[in-house]
Amino acid sequence: MTRRAAYEARQRRRANLIAGASTLAVVVLIVLLVPRAPGWDAVRASFFDAEIFVRTFPDLLRAFVLDVAIFAWSVPMIFAMGLAIALARGTHNPALFPLRIFGAVYVDLFRGIPVVLLVYLVGFGIPGLGLPRPWNSPYIWGTVALVLTYSAYVAEVLRSGIESIHTSQRNAAICLGLSERDTMRYVILPQAIRRVVPANMNMLVALQKDVALLSFIGPVEILRQAGIFKSLLANFTPYVGAAVIFLMVTVPATRYADYLMNKDRNARS
Amino acid sequence: MPDPRLSLRGVKKSFDDVSVLKGIDMDVAPGEMLCLIGASGSGKSTLLRCMNGLEPVDDGAVLLDGVDIAEPGFDLTPIRQRIGIVFQSFNLFPHMTTFENVCLAPRRVLSENRDSLHPRITALFERFGLAAHMHKYPDQLSGGQQQRVAVIRALAMKPQTMLFDEITSALDPELVGEVLDVLRQLRDEGITMVLATHEMGFARELADRVCFMDQGVIAEEGSPDQIFSAPQKIRTRQFLASILR
């Protein structure tokens, strides 16, 4: 071992020791202090009932399938819409000026309204027009609300990606005789989309959580199913179960997004 | 002299308040190789970019085979197939292999299909010693190799005229030679070439004519021997003295 390697190994051992000790101290404090809180026994009984947890978990998992389904059919629509809005906002053709305005208004509007509010407004408002079945379905209008909000975000992410591609790339393509359209399609967009994959991964994690908001307008997905169990059993443990299920999906997805982001940073530095 | 391939008449260009080109007149004959020399900021790059319409000129005319392509509103897309340009910073498309880089424009613009394109492009790669690198990505290649791919990419459009904007300036010194060799090869093919360059030895060896640019005008032009051995203007002498140290 070189002198430097020995020194670094020593430093590492020391850092690990300190980190381990401080983590242990915090855990011990929590374990000792939390149960001493006056309401701890009541909280444990109503939030952490092992028997209820085990009994309701499979049904919650089944209900979560609906969340995943709503998520799965929303994503392609969100990206198609987001891309269309991003391109509309970047157009310089005077004939398409109305599209540009529309894109700007769309983004401002749907990014500015809380998702839950949009779910209520669209999910209750539009079926209220007296549409015949199946056009009054909360699945349709709930999905529309999610697509409106998230496509506005995705449009902005894509637009920042498009603008991050250096003009020299565009110049090179134009000088080869490519049309504006082909330049966008073959040169700019493929690079821009790759560059914003990590940001969009974070968007997908947020979307997966926000699907639960559709419970407010009808669909019996996981949050609503947990609410039903809560009323039935007079116990909040099903909510904890639902949280665990969300974490099982969102934690790996977030980690993966971070991994992509780091990889991208390293590749560019 | 035959009709010039490219003629510039009173070309002017400013960026904001800075006047970069102050009335350039120039003729380039078919098959001629013309070198633009001059200090950084003298307007060489801007002049090249005006020749293919990448920068719109403010005033004056750029005639390609007698047609004024600087006419405001003129559709440059078909013109760009006839004038290739290679940049200092290569500007390869990083998400495509070198082969895809070269094939993109012929496929989309000339509507050539993959089958007819493949042998033609492969031959180009072989000719410039890059056959082994055809399916690599640009970041897997050295600067010199990337720049040669950029030349191939421009050549694949079968241009009559090629513009080179200081294509060796971003390269490590030991890689400059391989790129200049490519230019030597092109020189023998009768492609009209205009180069902005700092490679004085190269300009002296191969150019038909050398233009010295200074502060937005062509201060002096002539054969390489004239410019390098017997420059007439003081500014030319000063520039050459500073370059050759």
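The structure is a predicted model, in which local features need pLDDT of at least 70, side-chain atom pairs count only at pLDDT 80 or more, and totals for chains, interfaces and linings use all residues. Residues are numbered from 1 along each chain as its sequence is written, chains are lettered from A in the order in which they are written, and side-chain values use heavy atoms, without hydrogens and water.

**Chain B overall**
- Chain B has 9 helices and 10 strands; helices (H or I, at least four residues) and strands (E, at least two) are DSSP runs, numbered from the N terminus.
- The radius of gyration of chain B is 18 Å, close to the 18 Å that the globule rule gives for 245 residues, so the chain is as compact as a globular protein of that length. This radius is taken over C-alpha atoms, and the globule rule is 2.2 Å times the number of residues to the power 0.38.
- The C-alpha trace of chain B spans about 55 × 45 × 40 Å along its principal axes.
- Of the 245 residues in chain B, 55% are buried, that is, under 20% relative accessible area (1.4 Å probe, protein chains only).

**A sheet in chain B**
- An open sheet of 4 strands runs in the order β2-β1-β4-β5 (chain B), with antiparallel pairing; two strands pair if DSSP finds at least two bridges between them.
- β2 (18–28) and β5 (67–68) of chain B stand at the edges with a single partner strand each, so one side of each has no neighbour in the sheet.
- Strand β4 (residues 59–64) of chain B pairs with β5(B) over 2 bridges, and B:Leu63 stands opposite B:Asp68 in β5(B).

**Helix α6 of chain B**
- In α6(B), the buried residues include B:Leu175, B:Val179, B:Leu183 and B:Leu186.
- Seen down the axis of α6(B), its buried residues fall within an arc of 150°, so they line one face of the helix; the arc is that of the directions from the helix axis to the C-beta atoms.
- Among the elements of chain B that cover these residues are β3 (33–37), α4 (114–127) and α5 (143–155), where contact means heavy atoms within 4.5 Å.

**Helix α7 of chain A**
- In helix α7 (residues 167–175) of chain A, 7 of the 9 residues are buried, so the helix is largely enclosed by the rest of the structure.
- The buried residues of α7(A) pack against α8 (180–195) of chain A and against elements of chain B, including α1 (44–51) and β6 (83–86).
- Just after α7(A), A:Gly177 has a positive phi of about 95°.

Technical notes:
Buried < 20%, exposed > 50% of the residue type's maximum accessible area, 1.4 Å probe, protein only.
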